[in-house]
Amino acid sequence: MKVTAQKIADLLGGTVEGNPDVMITHLAKIEEAGEGAITFLANPRYTHHVYTTGASAIVVGQSFEPDHPVKATLIRVDDPYRAFSELLEYYNESIPKKTGIEPHSFIHPSAKIGKNVYIGAFAYIDEKAVIGDNVKIFPHVYVGADVQVGEGTILYPGVKVYHDCRIGRNCIIHAGTVIGSDGFGFAPNGSDYKKIPQIGNVVIGDNVEIGANSTIDRATMGSTIIRDGVKLDNQLQVAHNVEIGENTVIAAQTGISGSTKIGRNCQIGGQVGMTGHIRVGNNVRIGAQSGIINDVEDNKVLIGSPAIDAVNFRKSSVLFKNLAELYDEIKELKRQISKGNKS
Amino acid sequence: MKVTAQKIADLLGGTVEGNPDVMITHLAKIEEAGEGAITFLANPRYTHHVYTTGASAIVVGQSFEPDHPVKATLIRVDDPYRAFSELLEYYNESIPKKTGIEPHSFIHPSAKIGKNVYIGAFAYIDEKAVIGDNVKIFPHVYVGADVQVGEGTILYPGVKVYHDCRIGRNCIIHAGTVIGSDGFGFAPNGSDYKKIPQIGNVVIGDNVEIGANSTIDRATMGSTIIRDGVKLDNQLQVAHNVEIGENTVIAAQTGISGSTKIGRNCQIGGQVGMTGHIRVGNNVRIGAQSGIINDVEDNKVLIGSPAIDAVNFRKSSVLFKNLAELYDEIKELKRQISKGNKS
Amino acid sequence: MKVTAQKIADLLGGTVEGNPDVMITHLAKIEEAGEGAITFLANPRYTHHVYTTGASAIVVGQSFEPDHPVKATLIRVDDPYRAFSELLEYYNESIPKKTGIEPHSFIHPSAKIGKNVYIGAFAYIDEKAVIGDNVKIFPHVYVGADVQVGEGTILYPGVKVYHDCRIGRNCIIHAGTVIGSDGFGFAPNGSDYKKIPQIGNVVIGDNVEIGANSTIDRATMGSTIIRDGVKLDNQLQVAHNVEIGENTVIAAQTGISGSTKIGRNCQIGGQVGMTGHIRVGNNVRIGAQSGIINDVEDNKVLIGSPAIDAVNFRKSSVLFKNLAELYDEIKELKRQISKGNKS
């Protein structure tokens, strides 16, 4: 990236104050920005950085009035946060993208490959797999037999998709994530266990993003389902026959046990555990490290292990810290009562 | 799969009621089943589905007596759950299995490869590795030098086995799991740390299943040991010199610290953490998200972090929720006593 | 390894008591050692093993005086633990190491490859990547465009490093670890979410070790930073824009949320969760399974979720176990007071 401040102002529909010809080479946070950087001011708490930053340009709002001299060129826009997001995308799209099929990849002759795809070296596409247009499959990806990958989806290096699974359009699956491994199902058989074959699959909707090294198990029968717009962080564990509703967001290292159904537009923290065969409603918010062992109604806000109402949790946690004092007080009360009884 | 209901009845030793010629193409849960599906009724709670399911056939017990008309063909057997499990296996075995050595695999000339194996493209088998008969090694698997893999074992895509490790017979290791990475051992060395070389290995028994993206570290010296029949879920972390006894089952995301020994026939929930250098007995059951910091005797049932007796845990958790009320009651008692003392 | 006890004594600067010609083939723990093994005695708790071990030689301190006959050859040194560590390293270095570039690897013509490197089959090195001297890149490793890998660093099988990330010198990254995947950043956009491009990178210092299947996300802008000497265990999750200070050690399955800064020389247990945008000081110690939701001052020792002072935690945990009794006592106090008031 190498453009003038003026050019960026034109792109964002903004106006320049200061040197319009200063060269911008990269984007940075205001507290870290140096020469060549463009940054932005959206949160007033960061205003003092405007006067000290080494940035060459700053995207600011229409109402911003400096009360000290500013060295950087200012670009005024209506919504600096949104404008800077556009700039991030502009920067991101300027990075050259790979296309074509690299040598040393394995594509089964019966697989169907769409137009304008990238398939990296050492990628493996098994029989009857269907790869949509504009899909990017990075090196070391494994796409099993009969798998479908929708248009515009990106599978980063080392993603493994077992046979029969379906991934929608415009999804992003990060490196090392495994989709369609066997659900954890065993029947007791005397003193040992007998494996229950897992013959279902995983179905992932459109616009889903899944972080790195996550695991989504295939259903015993039927499908494990991740619906449109779901965002899952790194090291998520999703067991067999789980369903996750539209636009639900789940932070890293959370685990969801078998057959649990989660509604839409939920926000679930990191390292949460959910027991199997429960229903979590829509718009539910669950704090990090919680343990969910029962059904949860719509719109609830829970935290703790086992999880309780968030307000209760905060009060009880404060008291937990001083449980020893509480205990001493009770001992003292007993002493006083026993004295009173004797007198 | 495309067989008549009669053929399935013959396979299961059952009898047909209804159309014996209806074609069965797949297996499904009773609440999800549509045309072409065969399903089963084992739990009486699901009986009402028998009258509404779209399934073409249902496996039922000898004693089942419908009290409404049933559209689906019934197949009567002695134990519908067991019969359906057999059917799952029959289905699973009907899926064509890969054999042979695909091009683009790397097999060191000194490696010994058994009969009737599958070795996928981009698999890497290092020197002196020994691969038993009927083993299946999927693409992107790494088998280090001197590794032994027993007969009938399956290593799914991207499994990594470091040098010198041994895997028994008829094991299943799911995608992305790492076996034999260095134990986490460092000696303080002034303000930084010095690595303690990890020269042991991992030894895995027969009939072990390990889920996806798990990690089993090699021993500092000697072996990290997973005994026969152990079932480990996804994202398990097993540290150096740990031992896990026969037929113990551990759910996802649990971590076991160095040198801890776990007995046989234990059932351990997900997201449990165990400290190092402890002994957990046989037939122990541990609830999800527990923290185990001391030795555990045989047959104990524990939960909590730190873990306590499960009955205590449930009582205390209920009270924890209302700790603020408890606190208010004590304040009130103090007030009353102080008033009483003054009067 | 096949050397005499005398040769090992010479190596360690020790003196032999017993047969100097006994052949040593491997190293073992004193309680597991058999013929051909050399072991050591550092902790007096293990002294009784000296008389029963099957080891061929034992490294002992100058002051050790046996009070029963010892079958094994003794090698006396000043510090048996340190001497044995040297022996572990000697053994480790005697294992032949791979060098050279194996066929079936993919190296972009614009990548710069140092001297004396190992690049395994199916490794992928993208354009303009810079690989230092003596680096070892195992099979199935992915090194993205413009990545820098410092001298002497080892990337074990299946490590994935996204574009633009930098790894220092003499680092060890274990199998399946992902470096530089996108941070988990989304802006609400009506009922769904819009991805915030993650255009920063990951910068890892020198002498860092990272375990297997860990994930280190790239920064939104700027860098996620792991400083010199940091040791991270398996299945660590490090979010975007996190910084971890020099020589901090973190055990397995811990997760650190976005923009949190951790100081140097901290010791952090396994399965800990840290919220985002907090500061943890230097020399902090945090117990396993803790939840850190606020800034932590230097030298603090914390545990619990949410974490509190370790001494408080231990007291409160003991009382938590008996919360039901506490509750009964309060009920009894209320009864007595109510009786007292009536009388």
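## Reading a sheet, a helix pair and a chain contact

Colleague: Which strand order does the open sheet of nine strands in chain C have?

Modeller: Strands of a sheet pair through backbone hydrogen bonds, either parallel or antiparallel. In chain C, an open sheet of nine strands runs S10-S13-S16-S19-S24-S27-S30-S33-S36, with parallel pairing. Strands are DSSP runs of E, at least two residues, and helices are runs of H or I, at least four, numbered from the N terminus. Two strands pair if DSSP finds at least two bridges between them. This is a predicted model: local features need pLDDT of at least 70, side-chain atom pairs count only at pLDDT 80 or more, and totals for chains, interfaces and linings use all residues. Residues are numbered from 1 along each chain as its sequence is written, and chains are lettered from A and ligands numbered from 1 in the order in which they are written.

Colleague: Which are the edge strands?

Modeller: S10 (112-113) and S36 (279-280) of chain C; each pairs on one side only. Elsewhere in the sheet, S16 (148-149) and S19 (166-167) of chain C pair in the parallel sense over two bridges. C:Gln148 has C:Arg166 of S19(C) as its bridge partner.

Colleague: At what angle do helices H1 and H2 of chain A pack?

Modeller: Two packed helices are described by the angle between their axes and the distance between the axes. Here H1 (5-12) and H2 (80-94) of chain A pack at about 110 degrees, axes 10 Å apart. Axes are lines fitted to C-alpha atoms, for helices over the stretch in contact; angles run from 0 to 180 degrees between N-to-C directions. H1(A) and H2(A) are therefore roughly perpendicular (65 to 115 degrees).

Colleague: How many residues of chain C are in contact with chain B?

Modeller: 50 residues of chain C are in contact with 50 of chain B (C-beta atoms, placed from the backbone, within 7 Å). H4(C) gives the most to chain C's side, with eight residues.

Conventions
Angles under 35 degrees count as roughly parallel, over 145 as roughly antiparallel, 65 to 115 as roughly perpendicular and the rest as oblique. Two residues are in contact if their C-beta atoms, placed from the backbone, lie within 7 Å.
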